[in-house]
Amino acid sequence: MQGRITVKGIRFHAWHGLTKLEREIGVRYRVDVAMITDIAQAAASDRIADAIDYREVHQIVVRTGRENSYHLIETLVANLARKLLERFTCDSVEVSVEKETPVLDGVVDTVGVALTMHRGEQNA
């Protein structure tokens, strides 16, 4: 029984980007995660031990987002996907990272990168 587990709107402050301002002061990020996985055992047992724990997903995203400073959002999104695939038993993970109020010459709400990574691709 395939299911799609989602954790949306994970927000944190971090220091990724190309500009001095982004790397010293930082900006706010929003991350959405979706994982395709077999939910049959969790559905039958009703036990968190048999499911993907949303709290852990949140912790991995925030910790990964804050522990390093990347120049590109592409690097952040790929590292998030890899770490989630390494930790959880799922077939694939979709990660979307948006940088809120990016430093651009003009008004833009967000910029972002979305990635779908399948099991086995995380080592590539």
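Colleague: Which residues lie nearest the centre of the second largest pocket?
Modeller: Glu22, His71, Ile73, Lys99 and Val111, out of 13 lining residues. Helix H4 (73-87) and strand E4 (110-118) are the elements that give two or more residues to that lining. This is a predicted model, where local features need pLDDT of at least 70 and side-chain atom pairs count only at pLDDT 80 or more, while totals for chains, interfaces and linings use all residues. Numbering runs from 1 along each chain as its sequence is written, and side-chain values use heavy atoms, with hydrogens and water left out.

Colleague: What counts as a pocket here?
Modeller: On a 1 Å grid over the protein atoms alone, a pocket is an open set of points where a 1.4 Å probe fits, with protein on both sides within 12 Å along at least five of seven lines. Lining residues have an atom within 4 Å of a point.

Colleague: Why does the length of H3 agree with what it should span?
Modeller: Helix H3 (residues 54-67) has 14 residues, so at 1.5 Å a residue it should span 20 Å, and its end C-alpha atoms are 20 Å apart. The expected span is 1.5 Å times one less than the number of residues.

Colleague: Which residues of H3 are buried?
Modeller: Val57, Ile60, Val61, Val62, Thr64 and Gly65. Buried means under 20% relative accessible area, with a 1.4 Å probe and protein chains only. They pack against strand E1 (2-14), E2 and H4.

Colleague: Take Ile60. What does it touch?
Modeller: Leu80, Lys83, Leu84, Arg87 and Phe88, not counting residues up to four places away in sequence. Contact means heavy atoms within 4.5 Å. Ile60 counts as buried because its relative accessibility is 7%. The C-alpha atoms of Ile60 and Arg87 are 9.1 Å apart, though 27 residues separate them along the chain.

Colleague: Where does Asp53 lie?
Modeller: In the loop between H2 and H3. At 13% relative accessibility, Asp53 is buried too. Beyond four places in sequence, Asp53 touches Ile48 and Phe88.

Colleague: Which residues touch the most other members of the largest nonpolar core?
Modeller: Val31, Met35, Val93, Val95 and Val97, out of 29. E1, E2, H3, H4 and strand E3 (92-100) each supply at least two residues. H4 gives the most, seven. Such a core is a set of buried Ala, Val, Leu, Ile, Met, Phe, Trp, Tyr and Cys residues joined through side-chain atoms within 4.5 Å.

Methods. Helices (H or I, at least four residues) and strands (E, at least two) are DSSP runs, numbered from the N terminus. Buried means under 20% relative accessible area, exposed over 50%, partly exposed in between (1.4 Å probe, protein chains only).
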